Amino acid sequence: MRYQREDFLVDGALRDLCILDANVEDWQRMISSLSSSEWEVSFTTTLSEEPPGVLNNARELFESLAVDGEASATLAVLVDGIWFTCYFFDMEEVEFTFDPGDVSDETSFRSVERFMKWLGDTCERRVIMTMEGTDHRSMPALLEYAPA
């Protein structure tokens, strides 16, 4: 991966980091790994059965969200000054959004690269960065990381 300024132009759209074709085990590996990471992690939910700030079981979270169509959950991870935020829209796609305005040079790009590599290595899956959208499969990848 290498920094290309045009990938991070502030254009009103966020950027998405995605794992396509994810499963509950990918989500659980990610959640478990975050609990022992050095990063600041914030979890909020409208579900009453989840204690504020605690996310332990991915399967139970998705099952609860499916039962209550009005419920929501948000996971935010702060990596070297950049917030990566996940909203648990779809179990089959791990998606974190971030503001491209936070990436202004090689140094700040390293934070994106670090998070992408961590996510890919943790889940043992390919991670792509796209423009903000809902159909990431049809969007061109601006960046890509695949674990060895």
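Which residues does Val-41 touch, not counting residues up to four places away in sequence?

## Val-41 and strand S2

Val-41 touches Leu-34, Leu-75 and Ala-76, once residues up to four places away in sequence are set aside; contact here means heavy atoms within 4.5 Å. Val-41 lies in strand S2, residues 40–45. Helices (H or I, at least four residues) and strands (E, at least two) are DSSP runs, numbered from the N terminus. Val-77 sits 36 residues away from Val-41 along the chain, yet their C-alpha atoms are separated by 4.6 Å.

The cut-offs are under 20% relative accessible area for buried, over 50% for exposed, and partly exposed in between, with a 1.4 Å probe and protein chains only.

## What kind of model this is

The model is predicted, so local features need pLDDT of at least 70 and side-chain atom pairs count only at pLDDT 80 or more, while totals for chains, interfaces and linings use all residues. Residues are numbered from 1 along each chain as its sequence is written, and side-chain values use heavy atoms, with hydrogens and water left out.

## Helix H1 and its neighbours

Let's move to H1, which spans residues 24–34. At its start, a side-chain oxygen of Asn-23 reaches to within 2.9 Å of the backbone nitrogen of Glu-25. The buried residues of H1 are Val-24, Asp-26, Trp-27, Met-30, Ile-31, Ser-33 and Leu-34. What covers them includes S2, H2, strand S3 (73–79), S4, S5 and H3.

H1 packs against H2 (residues 58–67) at an angle of about 120°, with the axes 8 Å apart. That angle makes H1 oblique to H2. On the H1 side the contact is made by Val-24, Glu-25, Trp-27, Gln-28 and Ile-31, and on the H2 side by Ala-58, Arg-59 and Phe-62. A word on the geometry: axes are lines fitted to C-alpha atoms, for helices over the stretch in contact, and angles run from 0 to 180 degrees between N-to-C directions. Under 35 degrees counts as roughly parallel, over 145 as roughly antiparallel, 65 to 115 as roughly perpendicular, and the rest as oblique.

## Helix H3

H3 covers residues 106–123, which is 18 residues, and reaches 25 Å from its first C-alpha to its last, close to the 26 Å expected at 1.5 Å a residue. That expected span is 1.5 Å times one less than the number of residues. At the start of H3, a side-chain oxygen of Asp-105 comes to within 3.2 Å of the backbone nitrogen of Thr-107. Just after H3, Glu-124 takes a positive phi of about 55°. The buried residues of H3 include Phe-109, Val-112, Phe-115, Met-116, Trp-118 and Leu-119.

How do H1 and H3 meet, and at what angle do they cross? Their axes come within 8 Å and cross at roughly 120°, which makes H1 oblique to H3. In H1, Asp-26, Arg-29, Met-30, Ser-33 and Leu-34 meet Trp-118, Leu-119, Thr-122 and Cys-123 in H3.

## Arg-15 in strand S1

Is Arg-15 buried or exposed? Arg-15 belongs to strand S1, residues 15–20, and counts as buried because its relative accessibility is 1%. Its side chain makes a polar contact with the side chain of Asp-11 at 3.3 Å. A polar contact is a pair of N or O atoms within 3.5 Å; within protein, one must be able to donate a hydrogen and the other to accept it, and residues adjacent in sequence count only if both atoms are side-chain atoms.

The backbone oxygen of Ala-13 also lies 2.8 Å from a polar atom of the Arg-15 side chain. Leaving out residues up to four places away in sequence, Arg-15 touches a list of residues including Phe-8, Phe-96, Phe-98, Met-129, Glu-132 and Leu-142.

## Loops with positive phi

Asp-21 is not a glycine, but has a positive phi of about 60°. Asp-21 sits in the loop between S1 and H1 and counts as partly exposed, given its 47% relative accessibility.

Phe-88 is another non-glycine with a positive phi, about 55°, in the loop between strand S4 (82–86) and strand S5 (93–98). Phe-88 counts as buried at 5% relative accessibility. Phe-89 is in the loop between S4 and S5 and is exposed, with a relative accessible area of 65%. Phe-89 and Thr-74 are 15 residues apart in sequence and 9.7 Å apart in space, C-alpha to C-alpha.
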